[in-house]
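Please open the structure in your viewer and keep the selection panel at hand.

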2 protein chains.
Amino acid sequence: MLKSRVILAMDKPLSYQILKEMENELYGIKIGLPLVLDLGVHKTRELLNDLNVEEIIVDFKLADIGFIMKSVVEKLSFASSFIAHSFIGVKGSLDELKKYLDANSKNLYLVAVMSHEGWSTLFTDYIKNVIREISPKGIVVGGTKLDSITEYRKDFGKMTIISPGMGSQGGSYGDAVCAGANYEIIGRSIYNAENPFAALRTINKIIEDKVMNCKGAIFREK
Amino acid sequence: MLKSRVILAMDKPLSYQILKEMENELYGIKIGLPLVLDLGVHKTRELLNDLNVEEIIVDFKLADIGFIMKSVVEKLSFASSFIAHSFIGVKGSLDELKKYLDANSKNLYLVAVMSHEGWSTLFTDYIKNVIREISPKGIVVGGTKLDSITEYRKDFGKMTIISPGMGSQGGSYGDAVCAGANYEIIGRSIYNAENPFAALRTINKIIEDKVMNCKGAIFREK
């Protein structure tokens, strides 16, 4: 049974003790660039080293030529997965990154739709073509854009969909999963809470209740 | 008089002595994510601290929501300028970053055209609109795409254009400046050279000679 549909977006560090307390109620942890700049690579690795979560996802939203993206991910071997932008295209960029990650048994997520208002949907067809060509483990679709989640779920049946933007950015817990996402990415509402573990448990309960009552949604038990 | 049209892309560290030797023959230094992951923020700041170059440009190709991009740049106050992607759009993203950088007297460069083959030109109109709306100090146009440099130079008369992709990625030194760029970004051909300072001087000379002989190009002395 799936223990949680929550990926903690850790943009600032929580203590090892708190993370240990939370590990059984999290699917994964997403590490942002602000955290790695604060802690450095070595301390970030130490903090995450023996946590029992399914995935450690490094989210630098990579968007560079292949040579640079490979130089970045090779330094972060503690992670199981990396997020890059679809928009940058395949040749000389995502093709090289994907090949490197495959060879090192790491996963790739591609950004399909971002959560902020200014993200343009002019490029949807182009982005879907890049996703088809690269065939990543999963895609990132903003949790504030539920119609997009459902659209991408229909087009990419078995691909994992992870959705940021829940909580502080305006998405309601559980709505992204109801719309077709596998996991919801939640940051500030947990790491800024007075009691992060209690906040996580409350959110998990809200998502469970919402999912039990989704109507017409494409809900997938893994 | 302009001392050089070269921005050194330092993706891996050169020693302080070598940088000091080179400072009078460089316009600026561009710092990539691989370097900051290797050295950490503190040592990167120390390395660059009293170098006499016009600009220190942090090139993480930022492509995230405003909140995250601000969290990144606020940790890197040793830099004078930051590179972000245009394609992420304005509202909730580049608008917030621009406002923050303006308030802190920092410059923004937006990526217009990347240097790798897979970069799509389907969205040129959209990207130009974002650049007009944000009005950054400058833009980044791949030095392997000389027609694009000339096109952007015509459309954005006074904006600074910086061009990566010279040398190892296939662009010939001086061609981007001849096509309308202000500066050429050169990395591997300098930092991987046995004698980086000698390599820089040779490249500066090639660019000077080329620029003296540009035909019909939009060459701007600053």
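In which order do the eight strands of the closed barrel in chain B run? Select chain B, and follow them as S1-S2-S3-S4-S5-S6-S7-S8, with parallel pairing; helices (H or I, at least four residues) and strands (E, at least two) are DSSP runs, numbered from the N terminus, and two strands pair if DSSP finds at least two bridges between them. This is a predicted model, in which local features need pLDDT of at least 70 and side-chain atom pairs count only at pLDDT 80 or more, while totals for chains, interfaces and linings use all residues. Residues are numbered from 1 along each chain as its sequence is written, chains are lettered from A and ligands numbered from 1 in the order in which they are written, and side-chain values use heavy atoms, with hydrogens and water left out.

**Strands of the barrels**

Staying in chain B, select strand S3 (residues 55-62) and strand S4 (residues 81-85), which run parallel and are joined by three bridges; Ile57(B) has Ser81(B) as its bridge partner in S4(B). Now move to chain A, where eight strands also close into a barrel in the order S1-S2-S3-S4-S5-S6-S7-S8, with parallel pairing. The twist from one strand to the next averages 30°, where axes are lines fitted to C-alpha atoms, for helices over the stretch in contact, and angles run from 0 to 180 degrees between N-to-C directions. Strand S1 (residues 6-10) and strand S2 (residues 28-32) of chain A are parallel and joined by four bridges, and Ala9(A) has Lys30(A) as its bridge partner in S2(A).

Select residues 90-103 of chain A to see helix H4, in which Val90(A), Gly92(A), Ser93(A), Leu94(A), Leu97(A), Lys98(A) and Leu101(A) are buried (buried means under 20% relative accessible area, exposed over 50%, partly exposed in between, with a 1.4 Å probe and protein chains only). The partners of these buried residues include helix H3 (66-73) and helix H5 (124-134) of chain A.

Next, select Ser105(A), in the loop between H4 and S5 of chain A. Its phi is near 55°, a positive value in a residue other than glycine, and Ser105(A) is exposed, with a relative accessible area of 68%. For another positive phi, of about 55°, go to Ser135(B), which is not a glycine either; Ser135(B) is in the loop between helix H5 (124-134) and strand S6 (138-141) of chain B, and counts as partly exposed at 46% relative accessibility.

**Where the chains meet**

Show both chains together. How many residues does the contact take from each chain? There are 39 residues from chain A and 40 residues from chain B. The area buried between the chains is about 3300 Å², of which carbon and sulfur atoms give 70%; buried area is the accessible area (1.4 Å probe) that two parts lose on being put together, summed over both. In chain A, select Leu37(A), Phe87(A) and Lys91(A), which lose the most area to chain B, together 18% of what that side buries.

The rule finds six salt bridges across the interface, a salt bridge being a side-chain nitrogen of Lys or Arg within 4 Å of a carboxyl oxygen of Asp or Glu. To end the tour, select Lys61(B) and Asp64(A), whose side chains meet in a salt bridge at 3.0 Å, N to O.

How values were computed. Contact means heavy atoms within 4.5 Å.
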